[in-house]
Amino acid sequence: MGMSVTISVATEQDAEQIFRLQYLCFQSEAALYGNYRIDPLVQTLDSVRQEVAADCVFVARLGEEVVGSVRGKVTEDGAAAIGKLCVHPRLQGHGIGARLLRAAEAALESERGATRFRLFTGHRSEGNLRLYRRVGYRTVGRAKGDDGVEMIILEKQAGQYAATA
């Protein structure tokens, strides 16, 4: 009998696993854009530790292994910025990303008062765009990232949850 993937709030002890997982997962994004200086690949372990301590961070676990993570925080305009969603490549396509998003959205709304959710993804990241649209996000704009990658900005109102996640 196999183990189930569980979703939980990240702890300080998870920071190093999140850091390593993020580095692994974002390699394919970097290759897609020919840019290995994208933020998730240049972020420091100390910075990840700070986010785990201050932000709303969830992890997906398979036993003791962190196999997915997502982060969010409420911005000045009341929107929750959600970012760095990643799932281990061997477990992608099984709904873990959608479960992580839902957990972060629920906590950001109920515990931190978010009125809507906002996230960014690269304009060539079709798999990411499919997931975000499937769970209710809509394109609201474009922006150039600090790393030069053209980003699509997506949002949805709090309380709008997809029935299939």
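Start by selecting R20 and E16: their side chains meet in a salt bridge, 2.6 Å from N to O. The model is predicted. Both residues lie in helix α1 (residues 15-25), four residues apart, about one turn of the helix. R20 counts as exposed, at 56% relative accessibility. E16 counts as partly exposed, at 35%.

Next, select E51 and R71. Their side chains form a salt bridge of 2.4 Å, N to O. This pair links distant parts of the chain: E51 sits in helix α4 (residues 45-54) and R71 in strand β3, 20 residues apart. E51 and R71 are both buried. The whole structure holds 13 salt bridges.

Now go to K156 and E105. The closest N and O atoms of this salt bridge are 3.2 Å apart. K156 lies in strand β7 and E105 in helix α5, so the pair ties together parts 51 residues apart in sequence. K156 is buried, with a relative accessible area of 3%. E105 is buried too, at 2%.

Select Y137. Beyond its neighbours within four places in sequence, its contacts include E105, K156, I82, L101 and Y132.

Then show the largest nonpolar core, 30 residues. F58, I82, L100, L101, L108, Y132 and Y137 touch the most other members. Which element gives the most to this core? Helix α5 does, with eight residues. Another core, of 18 residues, lies apart from it; A15, C25, A30 and V66 are among its members.

Finish with residues 5-159, which an unreviewed UniProt entry annotates as "domain: N-acetyltransferase". The end C-alpha atoms of this span lie 25 Å apart.

Key. Residues numbered from 1 in each chain as written. Predicted model: local features only at pLDDT ≥ 70, side-chain atom pairs only at ≥ 80, totals over all residues. Heavy atoms only, no water. Core = buried A, V, L, I, M, F, W, Y, C linked by side-chain atoms within 4.5 Å. Buried < 20%, exposed > 50% of the residue type's maximum accessible area, 1.4 Å probe, protein only. Helix = DSSP H or I, 4+ residues; strand = E, 2+ residues; numbered from the N terminus. Contact = heavy atoms within 4.5 Å. UniProt positions renumbered as here; feature names shortened; annotations may be inferred. Salt bridge = Lys/Arg side-chain N within 4 Å of Asp/Glu carboxyl O.
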